[in-house]
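Trainee: Please walk me through this model. I have the sequence and the structure open.

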Amino acid sequence: MELKLSRRDFGLAAAGVVAMGATAMPGFAGAADAGGDWLDIIKAQHQELDRLLAAVKSAGSHEARVAAFKRFSVYLFAHCLAEEVTVYPALAITGSESASKQLYGEQDGAKVLVARVADALAAGHDSDLPAMLDTLGTALHAHVAEEENRDFPPLKAKEDAATNTRLTSEFKATFRRASA
Ligand SMILES: [Fe+2]
């Protein structure tokens, strides 16, 4: 049986419109419940994204590649959405509006790269994937470095305890809904 997934499938799954199935996505909701505050959770999710992307690269068949990319993209979109509705607005209001805009733009760019990979997989052009995944990985690493080193620690330091607590619970709830 050949697994066919369109760009639309990935988008709808990320938006929670299409159920991906409990066996296909084990443990994703738990990722939002890892200990610590919003920054600890985000750092842990960045590491998980690296692991999920490596699993796409090392998949040994088209079907395994499609399944691994589905897991990666759903996780990535849930992570992006949680940042975009909780942390990036706080960064724009309390920290730097230009840094917030830059992060939104970079995540939009990543979504386009994900759509290109989904199109290539749907067309069976698996040989195009290594270069595309390298491009995606490089973009993600640069983006993550900005978040973890430049933008998020000063934001956390600037916010008061109540706001950090609210950001943590809103981030968790959004990620959980988007990855269910
Ligand atoms: Fe992030």
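Mentor: Along the sequence, the pattern reads α-α-α-α-α-α-α. Helices (H or I, at least four residues) and strands (E, at least two) are DSSP runs, numbered from the N terminus. Residues are numbered from 1 along each chain as its sequence is written. The model is predicted: local features need pLDDT of at least 70, side-chain atom pairs count only at pLDDT 80 or more, and totals for chains, interfaces and linings use all residues.

Trainee: How many helices and strands does the protein have?

Mentor: The pattern shows α elements. The count is zero strands and seven helices.

Trainee: Is Asp40 buried, partly exposed or exposed?

Mentor: Asp40 sits in helix H3 (residues 38–58). Buried needs 20 or more other C-beta atoms within 10 Å of the residue's own, exposed 12 or fewer, and partly exposed lies in between; C-beta atoms are placed from the backbone. Asp40 has 13 such atoms within 10 Å, so Asp40 is partly exposed.

Trainee: Which residues does Val87 contact, leaving aside neighbours within four places in sequence?

Mentor: Contact means C-beta atoms, placed from the backbone, within 7 Å. Val87's partners are Trp38, Phe152, Leu167 and Phe171.

Methods:
Contact = placed C-beta atoms within 7 Å.
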